[in-house]
Amino acid sequence: MLILILFAILAGAGTALSPCVLPVLPALLSAGAVGGRRRPLGIVLGLSITFTVTIVGLANVVDGVGLGSDPLRDVAIVALLAFGVVMLMPGLAARMEAPLSRLGRFGPRNAGDGFASGLLVGGALGFVYTPCASPILAAVISVSAASGKTIAIALAYAAGSALVLLALALGGRRVFDRVRRAGRGPALQRALGTIMILTAVAILTNLDVNFDQFVAQHIPDVNLTASLECSKSVTGRLDQITGRHAKFVAANGSSACGGSTTTVHVAGADASQGTLLAAAHALPDLGTAPEFTETEDWFNTGAGGHSNTPLSLASLRGGVLLVDFWTYTCINCIRTLPYLKAWDAAYRKDGLTIVGVETPEFAFEKEASNVKDAIEQFGIRYPVVQDNKMGTWNAYGNEYWPADYLIDATGQVRYATFGEGDYAKTETAIRALLAEAGAHVGGMSHPTDVVKPTEAATPETYLGTNRAQGWINGPKSGTHDYGTPPTGELALNDFAYSGTWKIAGQPAEAVSGSGAHPPGIDLEFEAKNAYLVLSSPGERPLPVQVLLDGRPISAADSGADVHNGVVTVRRQRLYSLVSLPRDEQHRLSLRFAPGITGYAFTFG
């Protein structure tokens, strides 16, 4: 435990030097540059306290009572705005410092002032302090219930960050002291107050979030301590903290701390039995496959797939098993279904069993009737099981939708892949393990209705507050009128609400408000296909009008669920809105009937 605490201090210090902290750095330097000499210490201490409390569970508690994450950001925005105004008005600053000075007794006893107000503004910054993601930080955040160990690790991580931030604040203060000695103190204070206000505006408009996303997508190796945190000394101890670990490394290298040593050479349709056996010999033993755990309803089991009898690994021993983690509104999962169905059709007779583990992302995906409808809609004939409690997901240490695990005839995991792609390698691994089990495998599968996404496609985004990105005017927790639809051009990948919406952590419900405009969403996207997860109360048919570039969408460009420019929403599922002949950039406008609830956009 002591070693992990030391590593956490180093990781916290490293992340405080990364680009991810730049959104809060101007406010930290500005607030620490004025007032008494204890103010920088108060700022860093306040930031560390609220940051620590947040990562060990406060955000989850707030979300659990339906407030979402916005109230924490709102507190930060109000505090930073107030502090910026105070810095612009020196007389007001003196009156504010007097009542807060009582808090100074909790800080250092040496002479000076500004500690209490520094504690206040630092506490606000702690709610929006978002260091670059790292294995240690992710481990603490992922534990739903705080414990003595997670609190100790969080405190150590915060302490490491605090030491670096304090050094930066004190260094900045020295520079600004020289400016004050040159007789420019009042002008400097006004400039720093303006910076504080601009920081609050940036947070209000989600510029800090957009910047962090840019860093994550475009700056490689942004975590300065990644090699340290991914060492066996750290990852082994993190498993003890979280109670779980990623048990199986993917052949496509999609893991947090490095790729795979597995090499799969694609075998052609005419590959000999010897070639397939050689390919099987090259597949490593990744460990014993976990049993299906805490599952609920089963589908497509029994003779001919006409019963819902639960399956077990023991009952499937002797054949090859592919465990596919998916959920029926995940577009990435949906795009893998043609391959899964083709493999089931081609290799079931040779001993392959595919089990789709439906682990829900949204609450409505837990309904057995919705899962049953999705199985019928997609034409899935292989067994599917509900994993509503994420028991099987956690048993595998899984972290992705979709994710596939291949299990050999003896119950050992021999191959894993996360996300889309690598289908030829996965099929080769299937054929190789079947040959190893004694089957004489024939020709390869023939997937149909395959959709191949492009890297240029607009990234997915969510309508609720929890995981929204790209929105220029929200989303905000609660019921709000977002005004008229945007009249000007939107930048690529920008999304905008209009009309009245009631928004929570995951869902966003269109509401009949007092405004003149119906609830709507406008977006500028680039893709071939656009989808949106929607639901209607009581499965009552409700319309969504679809406009492309300001005009009702044509039949040629309409998705499968659009008829005469309108989507009729009934069941809770993924709806196809746009289907173009190629990747193109367009303005998509949607106008919703009150009562419709939206969850997530995906593109491909």
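Student: How many bridges join strand 3 to strand 6, and in which sense do the two run?

Tutor: First, the general idea. Strands of a sheet pair through backbone hydrogen bonds, either parallel or antiparallel. In this predicted model, strand 3 and strand 6 run antiparallel and are joined by five bridges.

Student: What does strand 6 do with strand 7?

Tutor: Strand 6 and strand 7 also pair in the antiparallel sense, over five bridges. Find Tyr 405: Ala 416 of strand 7 stands opposite. Four residues lie between the strands of this hairpin, and Gly 411 takes a positive phi near 90 degrees there.

Student: In what order do the seven strands of the open sheet lie?

Tutor: The order is 1-7-6-3-4-5-2, and the pairing is mixed. At the edges are strand 1 (287-288) and strand 2 (298-299), each pairing on one side only. Strand 1 runs antiparallel to strand 7 (residues 412-418), with two bridges between them. Gly 287 has Val 413 as its bridge partner in strand 7.

Student: How do I read the two faces of strand 6?

Tutor: In a regular strand the side chains alternate between the two faces of the sheet. In strand 6 (residues 403-407), five of the five residues are buried. Ala 403, Tyr 405 and Ile 407 lie on one side, Asp 404 and Leu 406 on the other, and both faces are covered.

Student: Which residues of strand 10 point each way?

Tutor: Phe 495 and Tyr 497 point one way; Ala 496 and Ser 498 point the other, and all are buried. Strand 10 is joined to strand 13 by four bridges, antiparallel. Ser 498 has Gly 520 as its bridge partner in strand 13.

Student: Now the cores. Which residues have the most contacts inside the largest nonpolar core?

Tutor: In soluble globular proteins, nonpolar side chains tend to be buried together. Here the largest nonpolar core has 47 residues, and Trp 343 and Leu 352 have the most contacts inside it. Elements that supply at least two residues each include strand 3 (320-326), helix 14 (331-347), strand 4 (352-358) and helix 17 (423-436). Helix 14 gives the most, with nine residues. Beyond four places in sequence, Trp 343 touches several residues, among them Leu 322, Leu 352, Ile 354, Tyr 423 and Ile 430. A second, separate core has 38 residues, including Ala 13, Val 34, Val 128 and Leu 165.

Student: Is helix 14 mostly covered or uncovered?

Tutor: Mostly covered: 14 of its 17 residues are buried.

Student: What span should helix 14 have, and where is its kink?

Tutor: At 1.5 Å a residue, the 17 residues should span 24 Å; the end C-alpha atoms are 25 Å apart, which agrees. A kink of about 35 degrees lies at Leu 337, shortly before Pro 338.

Student: Why is helix 2 described as largely enclosed?

Tutor: Count its buried residues, meaning those under 20% relative accessible area. In helix 2 (residues 25-32), six of the eight residues are buried, so the rest of the structure largely encloses this helix. They are Leu 25, Ala 27, Leu 28, Ser 30, Ala 31 and Gly 32.

Student: What are the totals for the protein chain?

Tutor: The chain has 17 helices and 19 strands. Of its 604 residues, 50% count as buried. Among contacts between residues at least 6 apart in sequence, 76% join residues at least 24 apart. The chain exposes about 26300 Å², of which carbon and sulfur atoms supply 58%.

Notes. Residues numbered from 1 in each chain as written. Predicted model: local features only at pLDDT ≥ 70, side-chain atom pairs only at ≥ 80, totals over all residues. Heavy atoms only, no water. Core = buried A, V, L, I, M, F, W, Y, C linked by side-chain atoms within 4.5 Å. Buried < 20%, exposed > 50% of the residue type's maximum accessible area, 1.4 Å probe, protein only. Contact = heavy atoms within 4.5 Å. Pairing = 2+ DSSP bridges. Areas by Shrake-Rupley, 256 points an atom, 1.4 Å probe, with all protein chains shown as cover. Expected span 1.5 Å × (residues − 1). Bend = angle between axes of the 7 residues up to and from the residue.
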